[in-house]
Amino acid sequence: MNQGKGAATPAGSAEPVRLHNTMSRRLEPLRPLRAGEVGIYTCGPTVYDAPHIGNLRTFLFEDVLRRSLHLLGYRVTQVMNLTDVEDKIIDGAHRAGQSIAEFTAPHVDEFFADLAALGIEPAEHYPRATEHIDGMIELIEALIEQGYAYTAEGGVFFRIDRFERYGRLSGIDLSQVVRGERVADDEYGKDDVRDFVLWKSAKPGEPSWPSPWGDGRPGWHIECSAMSRHFLGETFDIHCGGVDNIFPHHENEIAQSECAHQAPFVRHWLHSEHLMVDGEKMSKSKGNMYRLADLRQRGASLRALRYLFLSVHYRRKINFTDASLDAAGSALRRLDELRFRLEHVAGGGPDSTADGDAGGEEARQSDDRADATGFQEVLDALRRDFRAALADDLNLSAGLAALFRFVKETNRRLEAGLETRQAAAALAALAEVDRVLGVLDPEAWLEPTQSAAAWLGDAEIEALVERRDAARAERDWTEADRLRDELSAAGVVLEDTPGGTLWRRS
Ligand code: AMP
Ligand code: ZN
């Protein structure tokens with residue numbers, strides 16, 4: 001039953017999964033190119049600023065996807081690019097008199113810190129656009145050679161007319177886009193307003209790269225075509241992003257890659273819906289955004305934010321409110337309480353039926369009692385229903401419903417007396433579910449910045465541990481949990497053992 005963290009699963013035993021494909025607008029079975037292995041490309045951040053929590057919702061969806069595929073037995077190679085060449089970056093670096101690397105470095109750090117703060121597992125590769133300029137130039141050359149691209153004043157452009165399938169992903173009707181519409185002033189050389197830029201000529205003084213078409217920089221779309229090819233090949237399994245990436249970004253990636261390679265680009269397109277505030281998409285330009293730093297300042301729990309994002313299906317919008325964050329916090333408290341009670345029993349605390357005065361005989365009886373009422377079935381149901389929910393287009397709402405059925409049933413059985421090894425099995429089942437949720441392991445949620453701020457001396461720690469022991473003896477789980485959280489925020493890890501509570505600094 002217990003799969004344990006990081007347990008290796010042979011590639012051949014991967015379970016079938018259905019995922020919505022934006023291209024077909026239907027649920028389709030995932031059919032990886034290589035059995036049991038999935039290559040995923042996820043459009044990453046443009047590193048000119050810290051991400052807002054809308055961006056982070058998309059990155060968290062991609063984390064849920066990779067964790068779910070792992071749990072279901074797949075090997076995953078995820079590539080997330082960092083867009084470190086882009087107009088705003090060029091402008092910003094130019095104005096600050098910095099190189100691109102100097103200008104983007106703090107934002108790259110913020111990005112990785114935010115991923116870690118939300119428990120997002122690292123991807124296998126984080127290529128930067130600036131490291132792949134050669135690959136982009138190669139692709140553009142291939143497009144020019146085959147007549148899909150042309151040079152003009154301002155740079156090199158993709159000729160949309162040449163790609164019949166353009167618009168299939170988004171369903172956009174290009175004939176409705178009016179020719180002769182106003183064109184960005186640095187793209188005035190293009191033949192058709194609908195064509196998009198592959199290489200932009202540099203203006204004097206701007207950071208630039210040499211190319212067969214003069215000094216300049218790549219367009220945004222070609223970056224992803226080049227980096228996905230480098231790591232995953234011309235054709236790969238899954239491409240993700242937020243819904244705003246569908247048009248024009250992903251549409252343009254398809255056009256570039258399929259025309260350059262004369263091969264299919266992506267087998268399965270997944271897009272997550274937006275995080276909204278008061279009915280509007282959260283975005284930097286609208287000024288309606290929060291960053292993690294803002295939430296921290298307001299004392300919000302980032303663990304609750306992770307839970308809130310998980311709990312809404314990725315193809316549904318989330319309206320971000322304080323109330324939604326509070327509700328997520330309450331759900332987490334129920335899970336923490338159960339984990340705490342189970343740890344207490346599994347660790348052989350005073351109310352463990354297998355411990356102390358209860359004696360072996362009584363323990364065996366209670367074991368029989370619980371087995372007779374089918375605790376194994378409760379464990380199996382969680383495992384089965386949770387996995388089935390994930391395999392059905394990452395339906396975490398159904399997965400969480402299964403989890404809370406398990407919480408209810410296990411709490412009921414704890415009242416009646418649960419055997420030590422059953423409590424251990426229940427904890428293992430929770431740990432398995434948490435391989436996807438990533439919200440339950442208390443050690444994963446220690447916040448290093450807080451521990452520095454709230455440093456406690458040994459005597460203070462011992463006093464808090466004693467108060468917690470007293471609360472546990474009185475079965476005041478809420479107070480005991482609160483004290484555990486307080487200690488954990490100060491970087492103190494507790495371990496409940498039959499001989500008492502041990503503590504150490506993390
Ligand atoms: P950007 O840094 O603007 O390129 O965005 C990075 C990722 O965040 C992209 O995949 C976007 O689709 C996604 N994104 C931007 N705004 C939101 C939002 N309000 N909700 C969810 N995802 C978003
Ligand atoms: Zn992209």
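1. In this predicted model, a polar side-chain atom of N245 sits 2.9 Å from an oxygen atom of ligand 1, and D244 likewise places a polar side-chain atom 2.4 Å from an oxygen atom of the ligand. Taken on its own, ligand 1 has 490 Å² of accessible area, of which the protein covers 90%.

2. The shell around ligand 1 holds 16 residues, and those that come nearest are T58, D244, N245, L275 and M282. Sorted by class, this shell is made up of 9 polar, 4 nonpolar and 3 charged residues. Helix α1, spanning residues 53–71, supplies the largest share of the shell, with 4 residues.

3. Turning to the packing, the largest nonpolar core has 124 residues, and the members that touch the most others are I53, L69, F158, I238, L305 and F406. Helix α1 again deserves attention here, as the largest share of this core, 9 residues, comes from α1.

4. Which residues is F158 in contact with, once its neighbours within four places in sequence are left aside? They are L143, Y148, A149, Y150, F163, D195, F196, L198, A255, Q256 and C259.

Notes
Residues are numbered from 1 along each chain as its sequence is written. Chains are lettered from A and ligands numbered from 1 in the order in which they are written. This is a predicted model: local features need pLDDT of at least 70, side-chain atom pairs count only at pLDDT 80 or more; totals for chains, interfaces and linings use all residues. Side-chain values use heavy atoms; hydrogens and water are left out. A residue is near a molecule or strand if one of its heavy atoms lies within 4 Å of it. A polar contact is a pair of N or O atoms within 3.5 Å; within protein, one must be able to donate a hydrogen and the other to accept it, and residues adjacent in sequence count only if both atoms are side-chain atoms. Accessible areas come from the Shrake-Rupley method with a 1.4 Å probe; for residues, only the protein chains shown count as cover. Helices (H or I, at least four residues) and strands (E, at least two) are DSSP runs, numbered from the N terminus. Ala, Val, Leu, Ile, Met, Phe, Trp, Tyr, Cys and Pro count as nonpolar, Asp, Glu, Lys and Arg as charged, and the others, Gly among them, as polar. A nonpolar core is a set of buried Ala, Val, Leu, Ile, Met, Phe, Trp, Tyr and Cys residues joined through side-chain atoms within 4.5 Å. Buried means under 20% relative accessible area, exposed over 50%, partly exposed in between (1.4 Å probe, protein chains only). Contact means heavy atoms within 4.5 Å.
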